[in-house]
Amino acid sequence: MEQIQRKLAEYTASLYNEFIQLQQLQDESNPDFVVEVVSLFFEDSERLLNELAKTLNQTNVDFKKLDAHVHQLKGSSSSIGAQRVQRVCISFRNYCDDRNVEGCLKCLQQIKIEYTVVKNKLETLFKLEKQFVDAGGSFPVV
């Protein structure tokens, strides 16, 4: 149990900047708040990534539509603290403004990488939290 608690604390500390503000919104009246918000972020992001790829594969790229999708992804990334995804979205929007398909394609690939990293980190965090609770641990009520 102590080993799980230590591992959870270390992992949570490594996510501090990306995620801690969202965790602070969770309380005992809604203990699944963070998992629910992050699950919605995953669903929304995957839909948006597919839309971005589909839009960029068109013969005549609709940069206004592309920018709207990137803007949405930037906002949702910001709301859960996925700062690296958010930063790439800013560059992506600049390429949309310049109507630069090649730059947009590079940003899409970078967003996919950053999204996968944050998704893996959050899924690992949730698994560690579950192990901790399953082992009899509890989180302090804030």
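Contact here means heavy atoms within 4.5 Å.

Figure 1. The protein has six helices and zero strands. Along the sequence, the pattern reads α-α-α-α-α-α. Of the 142 residues in the protein, 36% are buried. Among contacts with a separation of 6 or more, 64% join residues 24 or more positions apart.

**Figure 2. Confidence along the predicted chain.** The mean pLDDT of the protein is 85. A value of 70 or more is reached by 80% of its residues. Helix H5 (residues 83-97) has the highest confidence, at a mean of 95. Helix H2 (residues 16-24) has the lowest, at a mean of 60. Where pLDDT is low, the predicted coordinates should not be read in detail.

**Figure 3. His71, an annotated residue in helix H4.** UniProt lists His71 for "modified residue: Phosphohistidine", in an unreviewed entry. His71 lies in helix H4, which spans residues 63-80. Its relative accessibility is 43%.

**Figure 4. His69, a buried histidine in helix H4.** His69 also has its place in helix H4. Its relative accessible area is 12%. Buried means under 20%, so His69 is buried. Leaving aside neighbours within four places in sequence, His69 is in contact with Leu48, Glu51, Leu52 and Thr55. Glu51 is 18 residues from His69 along the chain. The C-alpha atoms of His69 and Glu51 are separated by 7.4 Å.

**Figure 5. Packing of H4 against H5.** The two helices pack at an angle of about 165°. Their axes are 9 Å apart. Angles over 145 degrees count as roughly antiparallel, so H4 is roughly antiparallel to H5. The crossing of H4 and H5 is left-handed.

**Figure 6. Packing of H4 against H6.** Helix H6 covers residues 101-134. H4 and H6 pack at an angle of about 25°, with their axes 13 Å apart. Angles under 35 degrees count as roughly parallel, so H4 is roughly parallel to H6. The crossing of H4 and H6 is left-handed. Phe63, Leu66, Leu73 and Ile80 form the H4 side. They meet Val101, Cys104, Ile111 and Leu122 in H6.

**Figure 7. Ile111, a buried residue in helix H6.** Ile111 lies in helix H6. Its relative accessible area is 0%. With buried set at under 20%, Ile111 is therefore buried. Leaving aside neighbours within four places in sequence, Ile111 is in contact with Leu49, Leu73, Val85, Val88, Cys89 and Phe92. Of these, Leu73 is one of the H4 residues that meet H6. Ile111 and Val70 are 41 residues apart in sequence. Their C-alpha atoms are 10.0 Å apart in space.

Notes: Residues numbered from 1 in each chain as written. Predicted model: local features only at pLDDT ≥ 70, side-chain atom pairs only at ≥ 80, totals over all residues. Heavy atoms only, no water. UniProt positions renumbered as here; feature names shortened; annotations may be inferred. Helix = DSSP H or I, 4+ residues; strand = E, 2+ residues; numbered from the N terminus. Buried < 20%, exposed > 50% of the residue type's maximum accessible area, 1.4 Å probe, protein only. pLDDT = per-residue confidence, 0-100. Axes fitted to C-alpha atoms, helices over the stretch in contact; angles between N-to-C directions. Parallel < 35°, antiparallel > 145°, perpendicular 65-115°, else oblique. Left-handed = near helix turned anticlockwise from the far one by under 90°.
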